[in-house]
Amino acid sequence: MTKSIAEINEKIAKGQAVVVTAEEVIDLVNKKGVAKAAKEIDVVTTGTFGPMCSSGAFFNLGHSKPRIKAGGGHVYLNEVPAYAGIAAVDIFLGATAIPDEDPRNRIHPGEFNYGGGHVIEDLVAGKDVRLVITAHGTDCYPRRKLETWINLESMNEALLFDIRNAYQNYNVAVNLGERTIYTYMGVLKPNLGNANYSTSGQLSPLFNDPYYKTIGVGTRIFLGGGTGYVAWHGTQHNPNVLRTEKGLPRRGAATLAVTGDLKQMSPRWLVGTSFIGYGATLTVGIGVPIPILSEEILSYTAVTDNEIFAPIIDYFEAYPQRSPDILGEVSYAQLKSGKIKIQGKDVPTASLSSYSRAVEIANILKGWIQKGEFYITESVSPLPGVDSGVIVKPMQERPFEEEG
Amino acid sequence: MTKGKKVVLRFPHRLVDKPIVYRLVKDYDLQFNILKASVTPKEEGLLVLELSGKKKSYDEAIRFLTEAGVETQLLVQDVFRNEDRCTHCGACVTICPVSAFIVDPVTRRVDFHDTKCIACELCIKACPVRAMEVRL
């Protein structure tokens, strides 16, 4: 059995496409078998909703009268600094940026209540934000200071651009130390007091297409409540990791760089997020449709939580020191049971990624496709695969005393 | 005072190893029932007591605790969840000392059982989207 994306899109146009979520497909494959199910199902929708720090947005602010050149100057949105090192009124706001005046971790653990992710959420909620620009002034851009309210509608372009999202697998974080630690994986209690994980497992986009046979550059996706696209493979993309017999990565592996029109997005799917003692970020909703082009592709989408394994990492010592040690592996089924066993101890588990919201995303995307509002795209270029030679390199420091 | 009062006591690190609670009995003739106790190494101690005794002794005991550096707070249902803000991720589940947050095994949504809540407020800042709030 093989199908083409063009055939699937024809069925979408006629309102006849059979679309199921990556959760629903599990039972269907169990009942009908791969061959029959692959014939019937056209698209499987996936979803994930978790904190993704490598997120941010490009804005074109429009030109003031007289003009000001933010490029090379300083720009703030609600006191959160944005990057201004590009042309006059194009700026980039990163999810983890925080106000210069934020106390940070001066009194540990800091709260990080408002940062770039929160500004993005406020903007997509339609709120006005305070824009402050200071510039050096030029003949063609004479102004040196600008202060104004601004909102998303008044801007020209507003583009979410996340350089690394939707990690294919992630660490389970624990703390072997004697004191509570405050990490990007949440609050970790001492002596294996808890274990935090962060993926949607069997619903997660890249677990349903473990070898990137359909997801590639140009793939149209659900992004933050609107439509977006896979722009590139994400940073730290690392396809060649240890895998299970079925090909599922047992460590963090592929990642996606994604982009889309922020003006279509919603604060329900882009949520400003604060990790106590760590920093501010953005929780992002992503859903990727997987066209069922073959039985093989369908069989990948039938993946279940008990087939997916994640490494347990100590964030007290091993993670900060970049030690390769892991404390074992656990399945997502075990993680979702509420407790896992580490070094003989029962450790309660918690998720930082919302599974119920991931289900909601997969269902919204399913609805869009069923209603003919969303068509499947052929990828323009594949993501680097297992044999691509693409790996993550650690930093090798070279002191300035050595010759450069 | 006939009925016991529920009080949350927070001990700063420097007081965690000091004998304090026994003085509520010895000096103030109060009866106590421990509802919850937790001490994290290098962190504060948290104790939830139901205290009963004479009204005057109770007031004096609270004054004594405050002067000793123990933060006291009458236990009332004052922590609530902003339902619009909660994403049901589950980060609160293992932070809560009394298991007031339970993940529904089917929907994977997080149920907040506010009757269990002792208003220790640990979830307030552990919630990544700041959905837990204290009602004034």
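## Exercises on a two-chain predicted model

A:Thr301 sits in helix 5 (residues 295-301) of chain A; helices here are DSSP runs of H or I, at least four residues, and strands are runs of E, at least two, numbered from the N terminus. A quick word on the ground rules: this is a predicted model, where local features need pLDDT of at least 70, side-chain atom pairs count only at pLDDT 80 or more, and totals for chains, interfaces and linings use all residues. Residues are numbered from 1 along each chain as its sequence is written, chains are lettered from A and ligands numbered from 1 in the order in which they are written, and side-chain values use heavy atoms, with hydrogens and water left out.

**Exercise 1.** Work out whether A:Thr301 is buried or exposed, and what A:Thr301 touches.

*Step 1.* Buried means under 20% relative accessible area, exposed over 50%, and partly exposed in between (1.4 Å probe, protein chains only). A:Thr301 comes out at 0%, so A:Thr301 is buried.

*Step 2.* Now look for contacts (heavy atoms within 4.5 Å). Skipping neighbours within four places in sequence, A:Thr301 meets A:Ala22, A:Val25, A:Val44, A:Asn208, A:Ile290 and A:Ile292.

*Step 3.* Check the side chain too: the side chain of A:Thr301 gets to the backbone oxygen of A:Leu298 at 2.6 Å.

**Exercise 2.** Describe how A:Glu307 and A:Lys246 are paired.

*Step 1.* A salt bridge needs a side-chain nitrogen of Lys or Arg within 4 Å of a carboxyl oxygen of Asp or Glu. A:Glu307 and A:Lys246 pass, with N to O at 2.4 Å.

*Step 2.* Compare accessibility: A:Glu307 is buried at 18%, while A:Lys246 is exposed at 53%.

**Exercise 3.** Characterise the interface of chain A and chain B.

*Step 1.* Count residues: 31 from chain A are in contact with 22 from chain B.

*Step 2.* Get the buried area, meaning the accessible area (1.4 Å probe) that two parts lose on being put together, summed over both. For chain A and chain B that is about 2,100 Å², with 53% from carbon and sulfur atoms.

*Step 3.* Look for charge pairs: the rule finds 2 salt bridges across this interface. B:Arg85 bridges to A:Glu121, with the closest N and O atoms 2.6 Å apart.

*Step 4.* See which elements of chain A take part: strand 14 (195-197), strand 19, strand 25 (345-351) and helix 7 (355-370) each supply at least two residues to the side touching chain B. Strand 19 gives the most, with 5 residues.

How values were computed:
Polar contact = N/O pair within 3.5 Å; in protein donor to acceptor, adjacent residues only side chain to side chain.
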